[in-house]
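Colleague: I am new to this one. Please take a close look at the aromatic pairing, and set it in its surroundings as you go.

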Amino acid sequence: MVRRNDERRAALLDAAIQVLADQGARGLTFRAVDAEAGVPGGTTSNYFANRDQLLIQAGSRVYERLTPDEATVAAHQEGPPTTERYAELMSDLVARVGGFRSGYLAFLELRLEATRRPELRRLLTERVRADIAHNVAAQEASGLPGDATAVKLLICAYNWLIVEQLTLPDVFDETERAQLIRAAVDRVIATP
């Protein structure tokens with residue numbers, strides 16, 4: 001029987017994210033999650049029927065934690081629809097995602113694991129496609145310059161910039177990252 005204590009489930013998923021970031025997908029076991037969460041042995045198995053379910057729900061938890069709150073969304077909708085504003089928003093995005101280091105590294109581990117697990121690949125593909133569609137729709141509704149292709153190109157560029165920042169942080173210093181974010185917006189977003 002799978003238990004329903006939403007706070008405990010969230011804590012176990014946060015522990016699973018940390019285990020994925022620290023040890024990789026191969027290190028993700030119920031025992032490792034129990035230890036990371038500081039709960040008695042066997043607790044994780046009471047909340048998740050199997051490892052695949054834990055992997056899938058950990059991926060959903062990463063997205064949940066990366067989703068900005070309503071105040072952040074409202075703040076992003078303020079300001080003029082210019083390339084300068086677009087660059088500010090992209091800087092905020094890279095900082096927010098890069099600030100959740102364990103979550104992004106866990107998500108990279110999940111992507112690698114998805115190459116070996118068709119069901120995980122299917123679910124992550126659906127989630128990432130939905131995320132891209134949401135970002136395209138939000139950009140179109142914002143009145144900011146650019147089109148759907150520009151949004152997708154920036155997603156690809158910033159994803160790799162975040163990978164560099166989290167895995168090899170000395171490749172680009174903070175100033176260079178800021179310059180690259182701005183240059184990507186300037187070069188990808190067509191200005192009238």
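**The aromatic pair and its setting**

Modeller: Start with the contacts. Take those between residues at least 6 apart in sequence: 65% of them join residues at least 24 apart. Keep in mind that this is a predicted model. Its mean pLDDT is 90, and 97% of the residues reach 70 or more. Helix H2 (residues 30–37) has the highest mean pLDDT, at 97. Helix H5 (residues 70–76) has the lowest, at 79.

Next, the overall build. The protein has 10 helices and zero strands. Along the sequence that reads α-α-α-α-α-α-α-α-α-α. The C-alpha trace spans about 60 × 35 × 30 Å along its principal axes. Of the 192 residues, 37% are buried. The accessible surface is about 11,000 Å², and carbon and sulfur atoms account for 53% of that area.

Now the part you asked about. Two numbers describe any pair of aromatic rings: the distance of the centres and the angle of the planes. The count here is one aromatic pair. Its members are Tyr63 and Phe107. Their ring centres lie 5.4 Å apart.

Where do the two rings come from? Tyr63 belongs to helix H4 (residues 51–66), while Phe107 belongs to helix H7 (residues 101–114). The pair therefore ties together parts that are 44 residues apart in sequence.

Are Tyr63 and Phe107 buried or exposed? The cut-off for buried is under 20% relative accessible area. Tyr63 is at 12%, so Tyr63 counts as buried. Phe107 is at 9%, so Phe107 counts as buried too.

Tyr63 has a further partner. Arg127 lies over the face of the Tyr63 ring, at 4.2 Å from the ring centre. Another arginine is placed over a ring elsewhere. The charged end of Arg9 sits over Phe48, 4.9 Å from the centre of that ring.

Stay with helix H7, the helix of Phe107. Glu113 is in helix H7 as well. Its relative accessibility is 2%, so Glu113 counts as buried. What does Glu113 touch, leaving out residues up to four places away in sequence? The answer is Ala25, Arg51, Leu55 and Leu120.

For contrast, look at Gly99. Gly99 sits in helix H6 (residues 83–99). Gly99 has a relative accessible area of 62%, and is exposed. Gly99 and Leu54 are 45 residues apart in sequence. In space they are 23 Å apart, C-alpha to C-alpha.

Finally, the annotations. An unreviewed UniProt entry lists "domain: HTH tetR-type" at residues 6–66. Over that span the chain is 77% helix and 0% strand. Its end C-alpha atoms are 18 Å apart. The unreviewed entry also gives a "DNA-binding region" covering residues 29–48. Over residues 29–48 the chain is 65% helix and 0% strand, and the end C-alpha atoms are 11 Å apart.

Notes
Residues are numbered from 1 along each chain as its sequence is written. This is a predicted model: local features need pLDDT of at least 70, side-chain atom pairs count only at pLDDT 80 or more; totals for chains, interfaces and linings use all residues. Side-chain values use heavy atoms; hydrogens and water are left out. UniProt positions are given in the numbering used here, feature names are shortened, and annotations may be inferred rather than shown by experiment. Helices (H or I, at least four residues) and strands (E, at least two) are DSSP runs, numbered from the N terminus. Rings of Phe, Tyr and Trp (its six-membered ring) pair if their centres lie within 6.5 Å; planes under 30 degrees apart count as stacked, over 60 as edge-to-face and the rest as tilted. Buried means under 20% relative accessible area, exposed over 50%, partly exposed in between (1.4 Å probe, protein chains only). A charge sits over a ring if NZ of Lys or CZ of Arg is within 6 Å of the ring centre and within 35 degrees of the ring normal. pLDDT is the predictor's confidence in each residue, from 0 to 100. Contact means heavy atoms within 4.5 Å. Accessible areas come from the Shrake-Rupley method with a 1.4 Å probe; for residues, only the protein chains shown count as cover.
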